[in-house]
Amino acid sequence: MAGGGKKKRRHLFKRVHDSSFRQESFQDEHFLIGGPGFSRIVFCNDPDCPDAASLGYGGNYIRSTKYTLASFLPKSMFEQFRRVANVYFLICGLLSFTPLSPYSAASTVVPLVVVIGITMGKEIIEDWRRKKQDIEVNNRKVKVHKGDGVFDYTKWRDLKVGAVVKVEKDEFFPADLLLLSSTYDDGICYVETMNLDGETNLKLKQALQVTLNLTEESSFKDFKAIARCEDPNANLYSFIGSLNIGQENYPLTPQQLLLRDSKLRNTEYVYGVVIFTGHDTKVIQNSTAPPSKRSKIERRVDKIVYLLFAGLVLLSVIGSVFFGIWTSYDIEGGAMTRWYLRPDDTTIYYNPKKAGIAAILHFLTALMLYSYFIPISLYVSIEIVKVLQSVFINQDQEMYHEETDQPARARTSNLNEELGQVDTILSDKTGTLTCNSMEFIKCSVAGIAYGRGVTEVERAIARRKDTPLEEEKGGEVEDLTEAKSSVKGYNFIDERITDGNWVNEARPDLIQKFLRLLAICHTAIPEVDEETGRISYEAESPDEAAFVIAARELGFQFFERTQTSISLHELDTLTGKTVERTYKLLNVLEFSSTRKRMSVIVRNDEGKLLLLTKGADSVMFVRLSRDRNEFVEQTKEHVNEYADGGLRTMVLAYRELNDDEYSEFNEAFTAAKNMVTGERDELIEDVEEKIERDLILLGATAVEDKLQTGVPDCIDKLAQAGIKLWVLTGDKMETAINIGFACSLLRQGMKQIIINSEAPEAKAMEKTEDKSATDAAAKASVLHQIAEAKAFLDESSESPEALALIIDGKSLAYALEDDAKNMFLDLAIGCASVICCRSSPKQKALVTRLVKVRTGGTTLAIGDGANDVGMLQEADIGIGISGYEGMQAVMSSDIAVAQFRFLERLLLVHGHWCYRRISSMICYFFYKNLAFGFTLFYFEAYASFSGQAAYNDWYLSLYNVFFTSLPVIALGVFDQDVSAKLCLRFPLLYQEGVQNVLFSWSRILGWAFNGVVAATCVFFFCVRALETQAFRKGGEVVGFQVLGATMYTCVIWVVNCQMALSINYFTYIQHLFIWGGVIFWYIFLLAYGAMDPDVSTTAYMVFVEACAPAVMFWFVTAFVLVSSLLPYFIYSAIQMRFCPMYHQMIQWIRNDGQSDDPEYCKMVRQRSLRPNTVGFSARFRQSMRFEENSEPTLQFERTEE
């Protein structure tokens, strides 16, 4: 259909809502066009004209990679050499080519090249994944006007500002577009903005009247226009501009703007002109560059390396000073003190006449000699361990989602240990906590409750109370499982009113009106599947779709809508047959966050005028007539029960109107809608308020904003672990509050602090045209609300009651400014739950940054859409939900999971294990290197600080590579202090990571001290035991070679046995690495010692001829081993007995506490139960307090009225 002939639909719909077009007049902010910040000029349908080219607007190519081909080498080298250890080893590598080096250059340079090469290779692989995603997006195709009314496909990356594009149904918009026309007569189209704001409901966009005739491809042959608008910015909800066609200017609003990454729905195609491209688009403006993330432990490792380097320099200075002094005394009074060194015939390195220079040169030699204090293999070992840990995360079957065939995926391994230190989780709502679907599950009609479905929250509370649910009593659970509807949006089970049985109920007349209201009072659009004849609905909100579906399933099928009518197939109570009825649609009184209700006025086939209204209970009950409402109390009770179960409730009511009353209303309503002043919306609300009164109650609905499976349990467990949860959503405040109740972040009785921009003084200023004054008033109002809330929080600090903070997007913008953000964060930290509504992607990122920087705790962000990318990148850890809404969040995340509930196992099990393993591994690394390095220092002191190494060059090179490295890697991959089951049973164990008790400075220094003690025992015991011993058959005493081999043997035994004492969970791999390392040392000593003396040097036959035959060698090895490990063993025994750590108490339970000491076991279990303030366990405790009190506590809501 090249010409794009318009497809006429069975339904016509627009907001009457706006029944006729009117030319908008310029007002409000449109006078700013052409000034600073509003200078963009777009030559529509002429992107290649000279004037357009001179503006220099960017192309539509986007890049999300961390590196480019040109920047990879310098940026990646910077990444590597910002690690202080790598800088030090680079300096040592350069010095190793000079005569100052105590060992060969290869032994320093090769390990450094290998370490840096492995890490850079990992960076290449991870960035290539991002590059492939960019290639896929940039190479998507869209139809573009090529001239003369001809459209052809062009790649997204080649789009230019001003080009006219044709986007078809279910396609993403390739750039920010100005809507020109659509397949609908009135220029409307439906847009899904899930990737922008997280909302699943469709948004209505409408073109200007002047461009509605551009409905054919050929109509663009002579089309020319100039658009002037605001410069690129990150605000998703505002747009100011004008369109010049001929001699007329027409104002542009957000209604005409189609944003990149949103999707065209329910519309065959639209035409639009490109306004913003590439990195100028609003969604990209809301994103941030991929950050280079480093864990807190890695940053602390750098500090430890600094300390070790400082200690190394200190030891080098000490050695150089003593060396200089002793060298200056080598020739004293013409006599040679140390004649065997031939100080009268030596080089500058040992010249007594230039002792100062010799000391300086010795300092450089010592810097290289003591390099073994700093473990070069630490970083590469950590990289290997993290990669292997990521493999275990990826292969965990407990985090595999069978329905979508999605396992957990660790997309980067840099942050594994951070998973065990999370203090605050910042979560998106739609698609993250919920399934993006609503289900009609219960209702109350004429004071009678219907529906036997059970919500996730109700199941969680029942498990907590250990009481069976009604559905599980009497063996009915199987029947309900079989009866559960497969219809999306409908999970209603009650045979009393299904299958037409409602006609047999006590009040069938009210049930009929109730169901009819559900089928009529909405703005949904029906679509008929041509193959099956099945009717589906496109609605502006998912709960509205659930109502229409429920009405259809219960016998009132809405099947057609025109501008003036709604048609139903409904059950006739007199004939018992399904009949077709058409209701004349007169007016739609739209829902808004202020009104919290929606109404329609219709005329039925009997000529009666009916006002049908549905809305929140807070606004509906006060509008009921005092007469003819005999079941108000029963309905209120049911509504409260539904709310306790986490359901979203809506109250339904109606009344008949007389002709005079309606005529008066319609005249006032039409006049108000045609107003063009700033008071228009307020006047409309006043007219609506007058008609929506004296209503007759029909009942209430309860829909479940369907949570993902296991969300309440997961949140409860995370709360018990001491992790705080913030919800940042683009949804309306009412929706966010409802889901807060559903997942138990909020509960009945929790005091709510609501900060919003609806304060009266701010609303009064909105009527003026002074934008700066309006902003100032709004900001002052928000600051006043925050200050009042903070004062209230301080007053309530000693109260056990939890507080919840709820803030809308406009208020959040002011709260995040420099002069307010600290007070806002203090308020938020003091609240048990925080919900930020109508948050833009940039605001999500700013809130995340504020929490991360100000609190200093580890932040984790989790989301599923492109609107969450900035938040994921800003947080210490970004978790992407690999769901149904694209892969933008996953591609920008550090770890991807399929469901929110997997966060429980990811953090409490893998996070705890990874944190413990990495912490223990690093502590042990420094221990073994200090134990080895201090023997070098002691020997050099013993040898007059001459720069002589205690060991053979190959001993030095292989210490960290073969003899001691593999056991450390095995510790970092396999060790478990407690099992996964116990990690989940005792969630407070997670606080060991949050409080960093396993990698605190005291623990690090304790391991360092243990290393010094071990080195001291090894050196002095070996020297004292061997210096007078005859080791060879000829009676020769111990030489330098034998002493070095013996000390090295002792070091290998001590550090490997220390590893064996530190491990909690042995596997055959750990046994192989630990004892294999010791055995490999002896094999190496035999093989290396058998080589030619020019190769083996000081190791030639030392083991076969000297060490092995000597009983003293074996005795010294055993004695040194026991004496070196004894201090650690004594300390561990005392610490375990008198002040055990939390994981040690759980180990006690696992091993023998359950049978030997039940009271102790009980105490540990009690310590694991944190008195959390959110989650279903907190809701259960609160409900129990309500039952104990004679008068229930009223919910407190603090807000500016």
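**A charged patch, a cavity and a salt bridge**

Glu633, Glu637, Glu641 and Asp644 form a patch of negative charge on the surface. Patch residues have over 30% relative accessible area and no salt bridge, with like charges joined within 9 Å. Areas come from the Shrake-Rupley method with a 1.4 Å probe. Glutamate 637 sits in helix H15, residues 632-644. Helices are DSSP runs of at least four residues (H or I), strands of at least two (E).

This is a predicted model, where local features need pLDDT of at least 70 and side-chain atom pairs pLDDT 80 or more, while totals for chains, interfaces and linings use all residues. Residues are numbered from 1 along each chain, and side-chain values use heavy atoms, without hydrogens and water.

Now look inside. The structure holds six cavities of 30 Å³ or more. A cavity is a set of points on a 1 Å grid where a 1.4 Å probe fits but cannot get out; lining residues have an atom within 4 Å of a point. H4 gives the most, three.

Salt bridges come next. Arginine 40 forms one with aspartate 280, their closest N and O atoms 3.8 Å apart. The cut-off is a side-chain nitrogen of Lys or Arg within 4 Å of a carboxyl oxygen of Asp or Glu. Arginine 40 lies in strand S1 (40-44) and aspartate 280 in the loop between strand S13 (269-276) and helix H6 (282-285), so the pair ties together parts 240 residues apart in sequence.

Notes:
Patch = residues over 30% accessible without salt bridge, like charges linked within 9 Å, V, L, I, M, F, W, Y side chains within 5 Å. Lys, Arg positive; Asp, Glu negative; His and termini not counted. Charge placed at Lys NZ, Arg CZ, Asp CG, Glu CD. 1 Å grid on protein atoms, 1.4 Å probe; cavity = no way out; pocket = protein on both sides within 12 Å on 5 of 7 lines; lining within 4 Å. Points joined across faces, edges and corners; volume = space filled by probe spheres on them.
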